[in-house]
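Welcome, and thanks for taking a look at this structure.

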Amino acid sequence: MAYMKNKLWALILYPISLFMSADWLDVNMPVGVTDISKEVFGLHMAIFFVVVAIGVIVFGVLFWSMWKYRRSNNKKPATFTENHTVEILWTIIPTLILIAMAVPASITLKKIYDHEAEEGGIDIQVVGWQWKWQYKYLDEQVGNKPLSFFSNLTTPPDQYEFNRVEKTENYLLEVDEPVVIPVDTPVRFLITSNDVIHSWYMSDFAVKQDAIPGFINVAKTKVNVPGIYRGNCTELCGERHAYMPIVVKAVTQEEYQEWLQQKRDLAEQIAYLTEKEWTSEELLATGEEIYETRCAACHQTNGAGIAGFYPALAGSDVVMNDKAKQIEILMEGIRGSQMQSFAEQLNEVEMASVITFTRLAWGNERSGDGEIVIPKDIVEYKETNL
Amino acid sequence: MSAVVENHNHHDDHHHGPKKGIMRWLTTTNHKDIGTLYLWFSFAAFLLGGAFAMGIRAELFEPGLQLMDPIRYNQLVTMHGLIMIFGGVMPAFVGLANWLIPLQIGAPDMAMPRMNNLSFWLLPTAFAILLSTAFMEGGMPGFGWTFYAPLSTNYPNVAYFVFAIHIMGASSIMGSINVIVTIMNMRAPGMTLMKMPLFVWSWLITAYLLIAVMPVLAGAVTMLLMDAYFGTSFFDAAGGGDPVLFQHVFWFFGHPEVYIMILPAFGITSHIISTFSRKPLFGHSSMVYAMVSIAVLSFVVWAHHMFTVGMPLVAELFFMWATMLIAIPTGVKVFNWCATIFKGSITYETPMLFSIAFVVLFTIGGFSGLMLAITPADFQYHDTYFVVAHFHYVLVPGAVFSIMAAVYYWLPKWTGNMYDEKMGRLHFWLSFAGVNITFFPQHFVGLAGMPRRYADYALQFAEWNAVSSVGAFLFGLSQLLFLYIVVKTVFAGKKATPQVWDGADGLEWTVDSPAPYHTFDVPPKVK
């Protein structure tokens, strides 16, 4: 008997457990890891229960009337057309409910704005680019510039475009360099854009701010729990809108300082590498990889581009015969088009490698002058032009 | 009086009904013909926009890009929105207005019949221009139906989009002028404004909204065109312009536009619920005041679409409070419909089923709208699938269900035949299930953080997206049944009486079914 009972329970519980399993449970807003996000979650749940209560009452009355006054049950309809008492009541009561909702909402909103205006903490400039995020630590100098890097999607096209390999856990939510922030410290994000409008959305912090060219929007957060948090761009910004995730790594103060030191060391190393003499084989090795992650989204893996949107690099006159022009395009971008400046996105070695790759690939070497570009060329360009 | 009768006979001698063949439809100035044209045009757009939606849902069935690249995906999203709004919902309401306003106010036709013809024929022209981009290098617009600058200013073929919007706007403005002039001047003797049927009232208000905001949209697209081709910098920050200005201008059009797509639905629902409850509508005049309030408020809430652009605190507070106010008149309308049902003698024919579903599901869309109004919470909801769920709840089981209800309700009057009730109910239940399976799970993925307009998404959203896609195909395929039912009713079916529905009230039910080509040559008297 007890066995039977267990089996019965298992039968009932199995579908419920299936339903409650991790994937199916994502049906509500995350509580988040900041004081503000917790407050916003509370507000969300409160309004939710208010509208559910209103729904139960209104729909209850409606469904009951529909049942009770069906024709087979009530042959003779009433003829009344108004009743001032109920009409006044159902205007005043909703007004009171709305006021009860508006007051806490306004208080929370005020708190968010006050929090933003407070002094102190670290400033990170966030720049939206098609289709990646740039982070500049305004208070941290590396060499003679603020620490800055780009955060690119690392999920390979084999997973999202060709569906050749199985999708991994953080599919479309993983980047090469997350933005690192210390916990328990106010962090002010100064959000703007380099091209079209993007939006920086981190649900766990209850932060969503549009990145608008020509504007700097402020979002402030203080994360309480160390961890890796993942978010998305939430303003349609063109083709690869779904492919520019945000990853924030919140670490302890010591780990944060350690990370900053690593970034400074790396910068020195790169400065040294630009001085070295490079061969085309060495450049090609890194160039192809960079092309795949930074260029292929538009110009395509085969260099053919997309007609009407992105010009072909294979067989392009500039890529085959005009080294100086190509460096200029990569460094400055082309105004009024989606070709952006890569001067800040790639270091000298990366820049030279990727240009060399395009000049030698897809038969360009045979049809063109076949000249390569070395890191010193880029350094030279920067010295004369920037 | 005798003069009128004489005129009437004279008229009959020289007019032999509609022309034959294609010229009847190209040159018609008859409000019923033009109404029919609008409705068929709308249905075609509904199927095309629906096919685009099927493409979207098929791509979103599972994570990864299976069927199309993201450029194509963005084009489908954009064209789905444009076609459904400007080709589906709005022309459907204009078609209903053409058919019903003269019949309901006892007028022989619309006030400006030739302009009426032009209003309609501009529409296929505009859509031909818009859709022609599908065959060009660069393809269809892919910047979303909201065409935010500066994404749109650098997009291929944007000039075709701008020109198409201009023509659609001209068509809407002419249609609105016609509606207002007709209602203001051609009501039957005795029909005072407050005695006017609610569908007519809803259209009078809608027409004013259209005249107010369509020029604003025209301004927005013109500035966009100048930025794209003539070197101005209205929206280009690098040239001293302001990308946020675009959003203010667009949403000053966009929010009233939302109500343009729902007010006529309110009118339709009021008629149908009263008819099948066999009881006069509760609170006729408060319904009118509620619609006027909603229309006025629609001009001061636009920036709730822009809570994340970085506005000052006072602006965010103002737009939050103003938006919440809309819940009051909307609530009054819902309560009035419930009170109309209360103590009625109710039957549940297809139009009634669609109308009750309208009341319930539109209210659910209203609830999520109220949640979206709460600014701090909107920082989480904004531009996620929660918003997609919200506006599809108010537009599909809202506006679209009311249009379907209207078609079933007035189809016997238009064709003279009763539709097949069993098939109608089947269509309702399939649509009802389809709509909820499609859009309800979108609340979940939205709250969990899935952004809208994404061709591809993280694995945590996979299950609910699959459910949503299945629902979408159920809903989409059910509409072929709708097409079948309507076509069948046009050609055959039980003959309809002039009254059609025993509880129906209004001048349109005093003329024969099908309504003769010319009605109310002699104005009826309204008590």
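This is a predicted model: local features need pLDDT of at least 70, side-chain atom pairs count only at pLDDT 80 or more; totals for chains, interfaces and linings use all residues.

## A helix wrapped up in chain B

H9(B) covers residues 263–277. Directly after H9(B) comes Arg278(B), which has a positive phi near 55°.

## Chain B as a whole

With that helix in mind, step back to the chain around it. Chain B contains 17 helices and zero strands. Its radius of gyration is 23 Å, close to the 24 Å that the globule rule gives for 527 residues, so chain B is as compact as a globular protein of that length. Taken along the principal axes, its C-alpha atoms fill a box of roughly 75 × 50 × 45 Å.

How much of chain B counts as buried? The figure is 60% of its 527 residues. Contacts tell a further part of the story: among those in chain B between residues at least 6 apart in sequence, 83% join residues at least 24 apart.

Another helix of chain B to find in the viewer is H4(B), which runs over residues 70–105. Its 36 residues should span 52 Å at 1.5 Å a residue, and its end C-alpha atoms are 50 Å apart, which agrees.

H4(B) is mostly covered, with 33 of its 36 residues buried. Gly106(B), just after the helix, takes a positive phi of about 75°.

## Chain A and its domains

Now turn to the partner chain. Chain A has eleven helices and ten strands. What radius of gyration does chain A have, and what would a compact globule of 386 residues have? Chain A has 29 Å, whereas the compact globule would be near 21 Å. The C-alpha trace of chain A spans about 95 × 60 × 50 Å along its principal axes.

Chain A is divided into three parts: domain 1 (28–117), domain 2 (122–268) and domain 3 (276–385). The C-alpha centres of domain 1 and domain 3 of chain A lie 58 Å apart. Of the 386 residues of chain A, 33% count as buried. Among contacts in chain A between residues at least 6 apart in sequence, 64% join residues at least 24 apart.

## Where the chains meet

The contact between the two chains takes 81 residues from chain A and 80 residues from chain B. On the side of chain A that touches chain B, at least two residues each come from helix H2 (35–68), helix H3 (84–117), strand E6 (198–202) and strand E7 (207–211). H3(A) gives the most to that side, with 15 residues. By type, the residues of chain A that touch chain B divide into 41 nonpolar, 24 polar and 16 charged.

## Backbone details worth a look

Most residues other than glycine have a negative phi, and most peptide bonds are trans.

Two cis peptide bonds can be visited here. One joins Gln130(A) and Trp131(A), with omega about 0°; Trp131(A) sits in the loop between strand E1 (122–129) and strand E2 (132–142) of chain A. Another runs from Ser513(B) to Pro514(B), with omega near -5°; Pro514(B) belongs to the segment after helix H17 (462–491) of chain B.

Positive phi values turn up in chain A as well. Asn163(A), which is not a glycine, has a phi of about 55° and lies in the loop between helix H4 (157–160) and strand E4 (179–182) of chain A. Why does Asn163(A) count as partly exposed? Because it has 15 C-beta neighbours inside 10 Å, and partly exposed residues fall between the limits of 12 or fewer for exposed and 20 or more for buried. Gln300(A) has a positive phi near 70° and is found in the loop between helix H6 (280–299) and helix H7 (317–321) of chain A. Gln300(A) has 15 C-beta neighbours inside 10 Å, so it counts as partly exposed.

Technical notes. Residues are numbered from 1 along each chain as its sequence is written. Chains are lettered from A and ligands numbered from 1 in the order in which they are written. Helices (H or I, at least four residues) and strands (E, at least two) are DSSP runs, numbered from the N terminus. The radius of gyration is taken over C-alpha atoms; the globule rule is 2.2 Å times the number of residues to the power 0.38. Two residues are in contact if their C-beta atoms, placed from the backbone, lie within 7 Å. The expected span of a helix is 1.5 Å times one less than its number of residues. Domain bounds come from an automatic or database domain assignment. Ala, Val, Leu, Ile, Met, Phe, Trp, Tyr, Cys and Pro count as nonpolar, Asp, Glu, Lys and Arg as charged, and the others, Gly among them, as polar.
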